[in-house]
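Welcome to this short briefing. Take a moment to look over the sequence and the 3D structure before reading on.

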Number of protein chains: 2
Amino acid sequence: MATRRIQRTEESRRLLVTAAAELFAEKGYRQTSFIDIAERAGISRGSIPWHFGNKLGLLEAVLDERVHGMLAGIAASEGERPGDPLDQVMGFIRLPVTRLFITLLAEAVEVDSPIREHYARLHAALRQAVLARIPAQALSPGTTPEAFTVLMIGAIIGVHVQWRVAPEAVDLDAVRDAMRALLPADLGRA
Amino acid sequence: MATRRIQRTEESRRLLVTAAAELFAEKGYRQTSFIDIAERAGISRGSIPWHFGNKLGLLEAVLDERVHGMLAGIAASEGERPGDPLDQVMGFIRLPVTRLFITLLAEAVEVDSPIREHYARLHAALRQAVLARIPAQALSPGTTPEAFTVLMIGAIIGVHVQWRVAPEAVDLDAVRDAMRALLPADLGRA
């Protein structure tokens with residue numbers, strides 16, 4: 001009985017995160033209400049504060065979940081499993097829900113935005129994940145590992161933007177190969 | 001008298017484009033009305049359709065004006081004047097009004113967005129400006145000039161995004177130097 005209640009609690013949480021991710025991507029963060037999210041998830045509105053505290057807590061859960069999948073994929077490619085981090089990234093770009101990151105960005109760069117801090121931590125985590133795998137000696141003289149990391153994370157963000165605006169103009173497979181050629185062998189391996 | 005009228009017409013147009021750029025960056029495209037723009041510019045609302053046709057025409061004028069400065073700077077660096085295209089780009093990123101490109105992006109990636117097409121043309125023009133200066137033989141085997149161009153324009157977009165979210169975490173001068181090291185000598189020259 002207790003186990004079933006826990007399962008139902010986790011299921012509710014998952015449904016709410018999925019509904020919120022969809023609605024934030026469709027309408028933006030500020031324009032989305034608890035009522036919208038509860039209706040989409042088919043779950044009572046009162047359970048949202050119970051699960052997430054407030055709307056920012058829900059946004060954090062959405063971002064964590066979406067980014068976790070990508071970072072976990074990159075981390076997995078470091079271990080025994082033969083994975084390709086760049087294929088993971090391109091797969092992430094292709095997910096419909098990844099559009100959310102562009103939609104929310106507009107709000108994140110507003111003055112006094114409540115979600116700017118979340119983006120700052122997200123970008124910092126992505127940079128850290130790449131930076132940890134860049135051997136300084138593999139870079140050109142005058143290139144710092146930090147600056148190179150900003151460039152590579154920037155390239156991923158900006159390739160996503162261009163592809164989302166005009167998918168027919170951006171060949172993601174060719175871009176992946178071009179990016180691999182720029183990366184130290186360990187990070188860019190096929 | 002006629003000259004003075006032309007001057008006043010050009011002055012009105014300029015004031016309206018500036019006001020619209022500021023308001024689009026602050027409130028987004030859809031949330032900004034002709035009334036807002038006319039008030040900010042100190043010019044009668046009725047003159048906006050006369051100058052720009054409709055709101056999309058005004059947006060086009062704003063984007064054209066903002067991008068024109070950057071492209072003109074890059075073009076100037078090709079000729080006799082010793083300019084640095086990457087310094088031009090970093091200077092463009094630092095302009096307060098450049099935030100507009102992130103704000104509008106959220107609307108550009110919405111389904112049936114009226115401004116998606118404008119972004120598609122803008123990105124295509126930026127890619128074309130870079131592509132024209134990339135000698136295919138300078139690239140790694142397996143890297144197409146088109147894919148390399150998408151990566152470099154992407155890097156600029158994504159560096160802007162990261163810097164706008166957390167300026168203290170992104171050293172634009174170091175990023176410029178790292179980018180220069182990735183570019184064929186002609187494009188990245190100091």
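Among contacts in chain A between residues at least 6 apart in sequence, what percentage join residues at least 24 apart? The share is 62%. Please keep in mind that this is a predicted model.

**Chain A as a whole**
- Chain A has 10 helices and 0 strands.
- Of the 190 residues in chain A, 54% are buried.
- The accessible surface of this chain comes to about 9,000 Å², and carbon and sulfur atoms account for 54% of that area.

- Let us begin with T143(A), which sits in the loop between α7 (116-131) and α8 (145-165).
- Is T143(A) buried or exposed? T143(A) is buried because its relative accessible area is 11%, and the cut-off for buried is under 20%.
- Leaving aside residues up to four places away in sequence, T143(A) touches F148(A) in its own chain, along with D177(B), A178(B) and A181(B) of chain B.
- G42(A) belongs to the loop between α2 (34-41) and α3 (47-52).
- With a relative accessible area of 66%, G42(A) is exposed, because exposed means over 50%.
- Although G42(A) and L15(A) are 27 residues apart in sequence, their C-alpha atoms are 8.2 Å apart in space.
- S33(A) is found in the loop between α1 (2-27) and α2 of chain A.
- S33(A) has a relative accessibility of 27%, so this residue counts as partly exposed; that class lies between the 20% and 50% cut-offs.
- S33(A) and K55(A) are 22 residues apart along the chain, and 8.6 Å separates their C-alpha atoms.

**Helix α9 in chain B**
- How many of the 11 residues of α9 (residues 172-182) in chain B are buried? The count is 8, and the helix is mostly covered.
- Among the buried residues of α9(B) is A178(B), which is also one of the residues that T143(A) touches.
- Other names on the buried list include L172(B), V175(B), M179(B) and L182(B).
- At the start of α9(B), D171(B) places a side-chain oxygen within 3.1 Å of the backbone nitrogen of D173(B).

**Helix α9 in chain A**
- In chain A, α9 (residues 172-182) is mostly covered, with 8 of its 11 residues buried.
- Its buried residues include A174(A), R176(A), A178(A) and R180(A).
- The N-terminal end of α9(A) is capped by D171(A), whose side-chain oxygen lies 3.1 Å from the backbone nitrogen of D173(A).

**The largest pocket**
- Rolling a probe the size of a water molecule over the atoms shows where empty space is left.
- The largest pocket has a volume of about 320 Å³.
- Which of its 17 lining residues are closest to the centre? They are R30(A) and E107(A) from chain A, with K27(B), R30(B) and E107(B) from chain B.
- At least two lining residues each come from α6 (99-108) of chain A, α1 (2-27) of chain B and α6 (99-108) of chain B.
- Sorted by class, the lining contains 9 charged, 6 polar and 2 nonpolar residues.

Methods: Residues are numbered from 1 along each chain as its sequence is written. Chains are lettered from A and ligands numbered from 1 in the order in which they are written. This is a predicted model: local features need pLDDT of at least 70, side-chain atom pairs count only at pLDDT 80 or more; totals for chains, interfaces and linings use all residues. Side-chain values use heavy atoms; hydrogens and water are left out. Helices (H or I, at least four residues) and strands (E, at least two) are DSSP runs, numbered from the N terminus. Buried means under 20% relative accessible area, exposed over 50%, partly exposed in between (1.4 Å probe, protein chains only). Contact means heavy atoms within 4.5 Å. A polar contact is a pair of N or O atoms within 3.5 Å; within protein, one must be able to donate a hydrogen and the other to accept it, and residues adjacent in sequence count only if both atoms are side-chain atoms. On a 1 Å grid over the protein atoms alone, a cavity is a set of points where a 1.4 Å probe fits but cannot get out, and a pocket is an open set with protein on both sides within 12 Å along at least five of seven lines; lining residues have an atom within 4 Å of a point. Grid points are joined across faces, edges and corners, and a volume is the space filled by probe spheres set on the points. Ala, Val, Leu, Ile, Met, Phe, Trp, Tyr, Cys and Pro count as nonpolar, Asp, Glu, Lys and Arg as charged, and the others, Gly among them, as polar. Accessible areas come from the Shrake-Rupley method with a 1.4 Å probe; for residues, only the protein chains shown count as cover.
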